[in-house]
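Please consult the sequence and the coordinates alongside the text.

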Amino acid sequence: MRYVIIGNSTAAIGAVEGIREIDKQGEIIIISDEVYEAYSRPLISYYLSGKIIEKNIYYRDKNFYVQNGVALHTGQSNVQINPETKIVWIEPGSEQIHYDKLLIATGGKPVVPDFLNGGYDNVFLFHSFDDVKKIDDFLKKAGKRQNVAIIGGGLVGLKAAESMFFRGQDVAVVEAGDCLLNSILDLKAGNIVENYLKRRGISIFIQNIVEEKEGEDKLERLILSDGTILECDMVIAAAGIKPNYAWLNLKNLKVDKGILVDEYLQTSIDGIYAAGDVAQAYEIISGEKKVVPILPNAYIQGRIAGANMAGENVRYRGSIAFNSIPLLGLNIVTAGLSNCDDRDSEIIEEFRGEFNYKKFILKDDVLVGTVLIGDIYRCGIYRYLIEKKIKITDFKQSILSPEISWRLLGRAEAGFKGGTY
Amino acid sequence: MKKVYVIEDFCIGCGTCMVYCAAAHSEYPKDLLKAFKLSSLKPVPRLFIEEEEGNSYSLMCRHCDEPLCVYSCISGAMFKDNRTGVVKVDKERCVGCFTCVIACPYGFIREGSENGRSLPLKCDLCKDSFDMPQCVEHCPNEALRYGEE
């Protein structure tokens with residue numbers, strides 16, 4: 001049995017661990033366009049801010065590949081696949097490799113706004129280990145406080161802002177939408193985060209896009225919708241991510257937003273699986289297939305795909321989005337449809353101070369989303385209630401109670417029995 | 001694997017387990033008085049006491065076979081020890097993002113900190129300092145049992 005995995009991040013590592021639960025012998029080949037052993041993508045901001053040393057950015061121990069019998073081919077960005085003959089070429093013209101099962105785990109690719117394309121030498125992405133190494137080099141060479149403009153106020157943009165702030169830079173975030181983190185926060189919660197970051201000294205420009213730019217080799221000045229002129233020494237593009245599958249170009253591969261996979265995480269081509277940020281798999285709340293690009297999901301999908309590639313029949317039960325993002329010491333957790341403010345939803349919320357907020361979004365007494373800012377005590381219970389679609393009619397009123405208990409909530413789950421849990 | 005189980009008929013929610021749990025994970029694991037009086041950091045328990053309709057339960061990490069906290073960990077710091085089955089945090093690798101806190105379906109991981117650094121706090125069955133989990137050892141009512149299911 002020979003397994004080939006394209007991509008070498010969280011989903012790929014999950015797949016190796018999933019395969020090895022079942023098959024200790026089969027040959028595993030990983031092909032990656034990056035030059036590193038698997039590192040944690042979300043940790044690049046921690047690396048840049050100096051919170052972790054290089055050694056700790058790696059997602060697994062140094063001997064992971066050897067221990068798991070994985071042949072790793074790094075720095076390869078021209079992989080070719082022939083699904084009919086089940087052959088891959090690591091690069092054009094290279095020796096052909098026959099696979100029995102193939103996994104596409106190539107993650108996402110940053111979307112770069114047009115105005116940043118132009119070969120500027122002070123424009124950076126914030127997606128890879130190399131990206132933050134380049135930023136680090138630039139900062140070291142500059143030697144003085146830099147004006148940094150960050151394009152995009154989502155998760156990536158704000159973690160970039162945080163790390164640049166920790167490095168002592170002057171940081172401005174430009175966001176086109178209604179509020180910060182608008183893929184997971186509504187206006188009210190977004191404003192809390194905005195106020196907090198402003199208080200700490202980060203400039204935020206909401207509902208703004210870059211209307212004009214100045215500079216030749218360097219992007220020196222940005223003019224925003226509201227007329228603000230942003231002087232910039234550096235610009236970081238954090239305007240979103242899209243599933244990275246365009247390179248595949250396989251005629252029978254069904255794609256939508258991402259690569260469509262069935263409940264066993266197999267694509268429309270027999271023997272080819274997909275997992276992680278590149279895959280569009282079942283999402284629990286909507287009941288539809290969605291790209292849910294969060295790290296836990298990448299690992300779990302990878303692990304299940306791996307087990308199935310090794311011959312198991314493990315059903316993927318679907319995901320919900322959830323995030324925990326500490327920003328400059330402020331805890332923010334979200335789960336489910338956390339930015340939903342439909343008319344037909346019921347909102348239970350509470351402010352316990354300027355930066356302490358709880359919000360629960362219910363539909364027909366089923367929790368569909370939550371946002372907790374500040375105090376996140378036992379928030380996993382809420383995530384679980386959302387994931388299991390548990391009706392909480394009986395204890396809806398006590399959901400804000402600080403004495404939230406798993407016992408109480410778990411009781412509502414169909415089939416829940418007392419005793420051991 | 002051996003875990004801690006609560007015997008509901010005996011648990012009176014007295015909180016003794018919490019006190020010993022907090023001490024066992026403090027700078028003075030074997031000295032209650034020093035743990036609470038001399039520790040530079042406030043001792044924090046890893047378990048939770050829940051009450052419901054006059055019943056109480058002392059609850060803590062289940063060291064799941066499919067641990068969502070481990071699967072969700074962004075840094076690879078949370079792991080299940082192959083030998084003991086205990087789910088543990090490698091403090092050196094943890095960045096304190098608290099993804100494990102929202103991942104745990106039971107809400108059994110506390111958001112905590114040590115010396116200003118965010119860290120998740122959870123039950124480790126007292127493996128670092130004791131043979132017997134201290135909640136079990138000191139329960140005055142034998143309401144906690146350490147053993148196979």
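In helix α1 of chain A, residues A:Thr10, A:Ala11, A:Ile13, A:Gly14, A:Ala15, A:Glu17, A:Gly18, A:Ile19, A:Glu21 and A:Ile22 meet A:Leu295, A:Ala298, A:Tyr299, A:Gly302, A:Arg303, A:Gly306, A:Ala307 and A:Met309 of α7(A), where contact means heavy atoms within 4.5 Å. This contact of α1(A) with α7(A) comprises 10 nonpolar, 5 polar and 3 charged residues; Ala, Val, Leu, Ile, Met, Phe, Trp, Tyr, Cys and Pro count as nonpolar, Asp, Glu, Lys and Arg as charged, and the others, Gly among them, as polar.

The model is predicted: local features require pLDDT of at least 70 and side-chain atom pairs pLDDT 80 or more, whereas totals for chains, interfaces and linings use all residues. Residues are numbered from 1 along each chain as its sequence is written, chains are lettered from A and ligands numbered from 1 in the order in which they are written, and side-chain values use heavy atoms, with hydrogens and water left out.

The packing of two helices is described by the angle between their axes and the distance between the axes. For α1 (residues 10-22) and α7 (residues 295-309) of chain A, the angle is about 35° and the axes are 6 Å apart. Axes are lines fitted to C-alpha atoms, for helices over the stretch in contact, and angles run from 0 to 180 degrees between N-to-C directions. Helices (H or I, at least four residues) and strands (E, at least two) are DSSP runs, numbered from the N terminus.

Between the chains, 35 residues of chain B are in contact with 41 residues of chain A. Together the two chains bury about 3300 Å², 56% of it on carbon and sulfur atoms; buried area is the accessible area (1.4 Å probe) that two parts lose on being put together, summed over both.

There are 3 salt bridges between chain B and chain A, each a side-chain nitrogen of Lys or Arg within 4 Å of a carboxyl oxygen of Asp or Glu. A:Arg378 and B:Glu50 form a salt bridge through their side chains, at 2.6 Å from N to O. On the side of chain B that touches chain A, α4(B) gives the most, with 4 residues.

Over all chains, the count is 27 salt bridges. Within chain A, A:Arg2 pairs with A:Glu27 in a salt bridge, their closest N and O atoms being 3.0 Å apart. Because A:Arg2 lies in strand β1 (residues 2-6) and A:Glu27 in strand β2 (residues 27-31) of chain A, the pair ties together parts 25 residues apart in sequence.
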